[in-house]
Amino acid sequence: MVRSCGLLTGQKDPVALKSIAVALSIHDFVAGVSATLNYENEEKVPLEAFFVFPVDEDSAVYSFEALVDGKKIVAELQDKMKAHSNYEDALSQGFQAYLLEEDKCSRDVFCCNVGNLLPGSKVALTLKYVQELSLEADGALRYVLPAILNPRYHLSDRCADSCLDLKTPIVPLEDLPYTLSMVATISSQHGIERVQSNCPLSPTEYLGGEKTSAQVSLAEGHKFDRDVELLIYYSEVHRPSVSVEMGMPEMKPESLMGAPSAMVSFYPDIPEVEASSTRGEFVFLMDRSGSMQSPMSSQDRSQLRIDAAKETLILLLKSLPEGCYFNVYGFGSSYEAFFPESVKYTQETMEKAVKQVKLMLADLGGTEILTPLQKIYRGSSIPGHPLQVFVFTDGEVTDTFSVIKEVKFNSKKHRCFSFGIGEGASTSLIKSIARVSGGTSEFITGKDRMQSKALRSLKRSLQSVVEDISLSWTLPPGLSVNMLSPEQTVIFRGQRLIFYAQLTGVMPPTEVEGEVHLKYTLHGKSFEEKVTFSPQPKPDTNLTIHRLAAKCLIQTKDLGFRETPARDKKEVLNISLESGVMSSFTAFIAINRELNQPVQGPLAHREIPRPVLFSAPATRSQNYGPAVAMPSFGSPPAPQPLRQLPCCATMTYKRGGAPQPCSLTLGNVSFNEATHEMSKKTPSSAKMTKFKSNHKVFGENYIVQLICLQNANGSWDMEEDLAKVLGTSLEDMQAAHPTELVEPSCWATVLAVLWLHANGRDLKCEWELLERKAVVWIRKNAGSTIPALVKAANTFLKSSVDPAIIAY
């Protein structure tokens, strides 16, 4: 079901939140964040103000404090139920109180309560957290400051008390009453090459001659139309490392926070070994909720999410190995499967699936992923074909913990690869379902290409299994290690691994070193990597490594306020309270009991608007005043001009009626959903010349078109559509065919492969798998004629592709 929304305050009321200031400190692979919310009560009555905002799900929130008219009040982390009771008691007695907690239904949504804010009073609330930075394919460390919190679809009444149900005003984006500022300081022994962002930044200022420290800041005027993303490039990002951090002297020497903690980083150089070409059951779950009709980003002419997803799904289907099994599900308020159960990958089943992909619309209402997941898990397994599930969603789900629990319960029978589409996707959902199943997660925002990230995950799912993974330590006498991270069961090529451990015992002299060894086997061959380090711990007032280790422990046990088993709840609570890192069962509370006299008079409630990208006007209700309850299904409203509005209300998705015809362009094929007709646009020779000189303009479309023409076995047919992509005519292609060497399909396939290498190098990561399938087919069908065939094809295409790409 979906919650309706409304206004509890008039839009003329002042908003208590005036600004958000973020101080970001990035050291190597870890970010420390201090976010300050500045409030001021400009009204004549005392206020209780609520603010809901997103934080990345991997964040370890460990501090919350209030600066009230110059006086600092440090919050205490308590059992959540106790914190709520103390907060209500404080308000009833007239004391000022401040509460910070995770939402009960999602780990990446927080609510900040400010109680009894006196007229004219100012308060600055500061929360601090640390998090690991993810590693992108190009070696960039990625930090995201979430600024967008989209409406989230409710799966059940179990989240009736979610903080996402706060009824808050909707105002135009340009009228959002508070501002965001951010200053980032970056330091690394690896050397900082450059810093990039999706938002305007000040010029990078290097603070040292060796470029080991730098500072950037967010340009003024951020409009909350996107998350703030930083990409940091180091000189030697793949070098393994070990950092040891001193514990808290006042804690017991062998306790979680008292003993020194170590953070170990490896980037395994796993050799590329081709796996079996026919193994695997691949199930693709594609979000078809109304929000998928939104643009990929706020930029002009940005592709719609559903269209980018359809192109990506076709590319994935073409890249599957012949002989595997597959199925496709579309989900929203209901779900639809292409086949009753997974089918063998053949030319016939592939063609049927591609045809259905082209007909897909964002017309299934809300975002209920749990039911189709349960259907998949209850299906019969296919012997010799391990299940690999690919989930594509914009992540607008409220009750994420029930989904995570279901995925974890079935983790022994599958791996899940998840993709968050667009700004504001739930990091709690996307990251968690991948983590608990041994898969990987990706986020596609701004100008990111969904195709590249999806193909990277598909390659990982096809990798040969790495076995016998172990981490061993060589330490000085008297020193021992206790692993805090869960046992590693999966390693992917191109992935960074981070482990946490405790060091206990007697610390050796400073000149003594230790070693950490990572071992694994691949196809029966053993591999080992090691890193040498100094066991001497270094002080860190923020206890960064200890907090991250505690967060790692909490994530392995904490499945949400309602979903965590009772036997694990106590352990999570104890770890949270000892480390000071927030969990589903704890909350921060600060009470100012030193007022000259308690606050008098009635307390006015105010909800602060939060930024949401409002789009897809034909699929969501548009309520600019108080909302009324609306049914979940019905005829869609007439389309309105697209506006971006910051909205804190949960909007009503609508379904039913006649869906509007949608035109999807795949390369130079325009497909009209209503008429089911294709119109082909022939690229002229002039266009092809321009394409070769400006790949960014035309390259992606022609490559998509070429991919659409490939057969399931990897070959291409000699046909007019292929000739058009190659910039020639079918007659010329036939005339150049060396008939004495091979049949027409071999000639067509060699031409297609060489064309990809000559014209699509920038997108090789996307067509690499289907090209590999084509090369296998050529070798099987052309044999010893390959060198002569490649020479003839290079001459015909006027290219100079190395014959070695096809030769044995």
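How many residues does the largest nonpolar core have, and which of them have the most contacts inside it? The largest nonpolar core has 83 residues, and Phe284, Leu317, Phe392 and Trp716 are those with the most contacts inside it. Here a nonpolar core is a set of buried Ala, Val, Leu, Ile, Met, Phe, Trp, Tyr and Cys residues joined through side-chain atoms within 4.5 Å. Buried stands for under 20% relative accessible area, exposed for over 50%, and partly exposed for what falls in between, with a 1.4 Å probe and protein chains only. The element that gives the most to this core is helix H14 (residues 744–759), with 10 residues. Helices (H or I, at least four residues) and strands (E, at least two) are DSSP runs, numbered from the N terminus.

Before going further, please keep in mind that this is a predicted model, in which local features need pLDDT of at least 70 and side-chain atom pairs count only at pLDDT 80 or more, while totals for chains, interfaces and linings use all residues. Residues are numbered from 1 along each chain as its sequence is written, and side-chain values use heavy atoms, with hydrogens and water left out.

Not counting residues up to four places away in sequence, Leu317 touches Phe284, Phe326, Val328, Tyr345, Met350, Ala353, Val354 and Val357, where contact means heavy atoms within 4.5 Å. Apart from this core lies another, of 64 residues, including Ala49, Val55, Ile232 and Phe588.

Phe284 and Phe392 lead on to the aromatic rings. Together with Phe282, Phe390, Phe417, Phe419 and Phe492, they form one aromatic cluster. Rings of Phe, Tyr and Trp (its six-membered ring) pair if their centres lie within 6.5 Å; planes under 30 degrees apart count as stacked, over 60 as edge-to-face and the rest as tilted. By this rule there are 18 aromatic pairs. One of them joins Phe390 and Phe417: the ring centres are 5.2 Å apart and the planes stand at 20°, so the pair is stacked. Because Phe390 lies in strand S23 (residues 387–393) and Phe417 in strand S24 (residues 414–421), the pair ties together parts that are 27 residues apart in sequence. Phe390 is buried, at 0% relative accessibility, and Phe417 is buried at 0% as well.

Charged side chains meet rings too. A charge sits over a ring if NZ of Lys or CZ of Arg is within 6 Å of the ring centre and within 35 degrees of the ring normal. Arg496 lies over the face of Phe29, 4.8 Å from the ring centre, and the charged end of Lys569 sits over the ring of Phe561, at 5.9 Å from its centre.

S23 and S24 come up again around helix H4 (residues 370–378). Which residues of helix H4 are buried? They are Leu370, Pro372, Leu373, Gln374, Ile376 and Tyr377. Their cover includes strand S19 (281–287), strand S20 (325–331), S21, S23, helix H5 (400–409) and S24. Strand S21 (residues 335–337) holds Tyr335, which is partly exposed at 30% relative accessibility. Leaving aside neighbours within four places in sequence, Tyr335 is in contact with Tyr329, Gly330, Thr371, Pro372 and Lys375.

Now to the sheets, where two strands pair if DSSP finds at least two bridges between them. An open sheet of 3 strands runs in the order S26-S29-S30, with antiparallel pairing. Strand S26 (466–474) and strand S30 (525–533) are at the edges with a single partner strand each, so one side of each is left without a neighbour in the sheet. S26 is joined to strand S29 (residues 514–522) by 7 bridges, and Leu471 stands opposite Leu518 in S29. S29 and S30 pair over 9 bridges. In their hairpin, which has 2 residues between the strands, His523 takes a positive phi near 55°. Tyr520 stands opposite Phe527 in S30. The rings of Tyr520 and Phe527 are stacked, because their centres are 5.5 Å apart and their planes at 15°. Tyr520 is buried, with a relative accessible area of 1%.

Another open sheet has 4 antiparallel strands in the order S17-S18-S28-S27. Strand S17 (241–245) and strand S27 (479–483) are its edge strands, each pairing on one side only. S17 and strand S18 (residues 261–266) are joined by 5 bridges, with Ser243 opposite Met263 in S18.
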